[in-house]
Amino acid sequence: MSDDALPLADKVALVTGASKGIGAAIAKSLAAQGAHILLVARNADELEKVEDAIFDAGGSATIAPLDIADGDSVARLAAAFGERWPALDMLVLNAAILGNLGPIANMAGKDFSEILTINILAQHALIAAFDPMLRKSDAGKIFAMTSSVGAKPRAFWGGYGASKAALETLVASYGEEMRNISKITTAIIDPGKTRTDMRAEAYPGEDPMTLKTPDVVADKITELAISGFTTNSRFQIG
């Protein structure tokens, strides 16, 4: 099949946390439909493996090893992106950390600060830095990965849950700001129970073979990238 026949041909997507798990699966799935993928994560070696897999499958990708918690690095990435591509069509906010699970009263301030830095402050930095390129797309899309604990608080999950609740509000507010002045649409994605390293960290006694694979989540996001959606839609997968 030629590139012109692929539904996401000529589209560019930036995927954070793209070195493994759901992020890597999303990157591969979008690339399979013709999108060029900017792979963002801290581990360059793991990013190269994902890039190789995309190339081997006939797709295209570029790696950008960086720590999204470093605002200066995010700004430099956006500047470099703008010099190479005219627009950003998809921003997938997938990278996150779980942090320590435990009672709120026992949560160290530095631990909570780390969760908020990655799960909300870095996400804001990405949106702010790439806003100009998203506006230049004929149908810019933001996918923000959340968790059920962001909407339904759970004991001992306060730090992570609070960060996801904040992310949902941040992205939804941005979606409302863009609703009448651009073609950008935003979506909140709850992947549900999925076979990832973070899930294994949170539920060490769980049998991973009872969980869906990241490919299921990735295929749903690719479907939405192709079909489109109303801004501030929320999707729970599985």
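**Burial, ring pairs and helix contact**

L47 is buried, with a relative accessible area of 0%; buried means under 20% relative accessible area, exposed over 50% and partly exposed in between, for a 1.4 Å probe and protein chains only. The model is predicted, and local features need pLDDT of at least 70, side-chain atom pairs count only at pLDDT 80 or more, and totals for chains, interfaces and linings use all residues. Residues are numbered from 1 along each chain as its sequence is written, and side-chain values use heavy atoms, with hydrogens and water left out.

L47 is placed in helix α2 (residues 44-56); helices (H or I, at least four residues) and strands (E, at least two) are DSSP runs numbered from the N terminus. Leaving aside neighbours within four places in sequence, L47 is in contact with A18, S19, L39, V40, A41, I63, A64 and P65, where contact means heavy atoms within 4.5 Å. From C-alpha to C-alpha, L47 and A31 are 14 Å apart in space, and they are 16 residues apart in sequence.

S19 is found in the loop between β1 (12-16) and α1 (21-32). S19 is also buried, at a relative accessible area of 14%. With neighbours within four places in sequence set aside, the contacts of S19 are A24, A41, N43, E46, L47 and V50.

Six aromatic pairs are present in the structure. Rings of Phe, Tyr and Trp (its six-membered ring) pair if their centres lie within 6.5 Å; planes under 30 degrees apart count as stacked, over 60 as edge-to-face and the rest as tilted. One of the pairs, F81 with F130, is edge-to-face, at 5.7 Å centre to centre and 85° between the planes. Because F81 lies in helix α3 (residues 71-84) and F130 in helix α4 (residues 109-136), this pair ties together parts that are 49 residues apart in sequence. Both F81 and F130 are buried. Ring pairs also join F81, W85 and F130 in a cluster.

The axes of α3 and α4 come within 9 Å and cross at roughly 15°; axes are lines fitted to C-alpha atoms, for helices over the stretch in contact, with angles from 0 to 180 degrees between N-to-C directions. The two helices are therefore roughly parallel, a label for angles under 35 degrees, whereas those over 145 are roughly antiparallel, 65 to 115 roughly perpendicular and the rest oblique. On the α3 side, V74, L77, A78, F81 and G82 make the contact, and on the α4 side A125, L126, A129, F130 and M133.
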